[in-house]
Amino acid sequence: MTNPATNIPANLESDFNRDRFLFGADVGFWFFDSVTGKMSADVHWLSALGYSSTDIAESMPSWRDFIHPDDLPILEARLLDLFQERSAVYVLEHRIRTKWGDWRWFLSRGKIDKRDAEGHPTLAVGICLDI
């Protein structure tokens with residue numbers, strides 16, 4: 001059976017299958033909470049960089065430690081633009097350090113997904129594509 005709204009077969013609309021599509025396309029997804037400053041990423045994306053969720057929790061004090069020092073100011077400025085609503089979409093090509101110490105280029109895109117009671121953005125979600 002096909003969902004008439006999306007034209008996608010019902011058996012492919014589950015979270016499990018959505019994860020399979022992301023895996024097949026080599027796309028990772030991330031969340032950034034502006035209230036806590038916490039950045040989270042999916043396990044597939046972390047494993048492509050050589051990390052497990054345990055590695056991140058135990059050895060990485062901050063998601064900023066992953067970002068190339070030359071790219072970090074631009075990344076932070078683009079996130080600020082997104083959360084201050086000067087931009088509707090976050091888009092950036094940047095480098096991320098792997099567990100082995102080398103740098104890989106990624107294209108990240110994201111949008112605001114959640115707002116607080118006053119309408120201020122609190123959560124951005126996006127994807128990260130190895131380029």
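**Notebook: charged pairs, core and strands**

I began with Asp81, which counts as partly exposed because its relative accessibility is 25%. For this label I used these cut-offs: buried is under 20% relative accessible area, exposed is over 50%, and partly exposed lies in between, with a 1.4 Å probe and protein chains only. The model is predicted, so local features need pLDDT of at least 70 and side-chain atom pairs count only at pLDDT 80 or more, while totals for chains, interfaces and linings use all residues. Residues are numbered from 1 along each chain as its sequence is written, and side-chain values use heavy atoms, with hydrogens and water left out.

**Entry 1: salt bridges**

I looked up the partner of Asp81 and found Arg86, with the closest N and O atoms of this salt bridge 2.8 Å apart. Arg86 counts as exposed, at 51% relative accessibility. A salt bridge here is a side-chain nitrogen of Lys or Arg within 4 Å of a carboxyl oxygen of Asp or Glu. Side chains of opposite charge can pair when their charged atoms come close. I noted a count of 5 salt bridges by this rule.

Another of them joins the side chains of Arg64 and Glu76, at 2.6 Å from N to O. I placed Arg64 in the loop between helix 3 and helix 4, and Glu76 in helix 4; the pair is 12 residues apart and links distant parts of the chain. Helices (H or I, at least four residues) and strands (E, at least two) are DSSP runs, numbered from the N terminus. Arg64 is partly exposed at 32% relative accessibility. Glu76 is also listed as partly exposed, with a relative accessible area of 32%.

**Entry 2: Asp71**

Is Asp71 buried or exposed? I found Asp71 buried, because its relative accessible area is 8%. Asp71 sits in the loop between helix 3 (53-59) and helix 4 (72-83). Its side chain forms a salt bridge with that of Arg95, at 2.9 Å from N to O. Arg95 lies in strand 5, 24 residues from Asp71. Arg95 counts as buried too, at 18% relative accessibility.

I also checked contacts, meaning heavy atoms within 4.5 Å. Leaving out residues up to four places away in sequence, Asp71 touches His94 and Arg95. The side chain of Asp71 also reaches the backbone nitrogen of Arg95 at 2.8 Å.

**Entry 3: the core**

I looked up the largest nonpolar core and found 20 residues; those with the most contacts inside it include Trp63, Leu75 and Tyr90. Helix 2 (43-48) and strand 5 (90-97) are among the elements that give two or more residues to this core. Helix 4 gives the largest share, 5 residues. Such a core is a set of buried Ala, Val, Leu, Ile, Met, Phe, Trp, Tyr and Cys residues joined through side-chain atoms within 4.5 Å.

Not counting residues up to four places away in sequence, its contacts include Trp30, Leu75 and Arg109.

**Entry 4: strands**

I noted that strand 3 (residues 27-33) and strand 7 (residues 121-130) run antiparallel and are joined by 7 bridges. Two strands pair if DSSP finds at least two bridges between them. Which residue of strand 7 is the bridge partner of Phe29? I found Ile127.

Strand 6 (residues 103-115) and strand 7 also run antiparallel, with 9 bridges. Arg115 stands opposite Pro121 of strand 7.

Key:
Polar contact = N/O pair within 3.5 Å; in protein donor to acceptor, adjacent residues only side chain to side chain.
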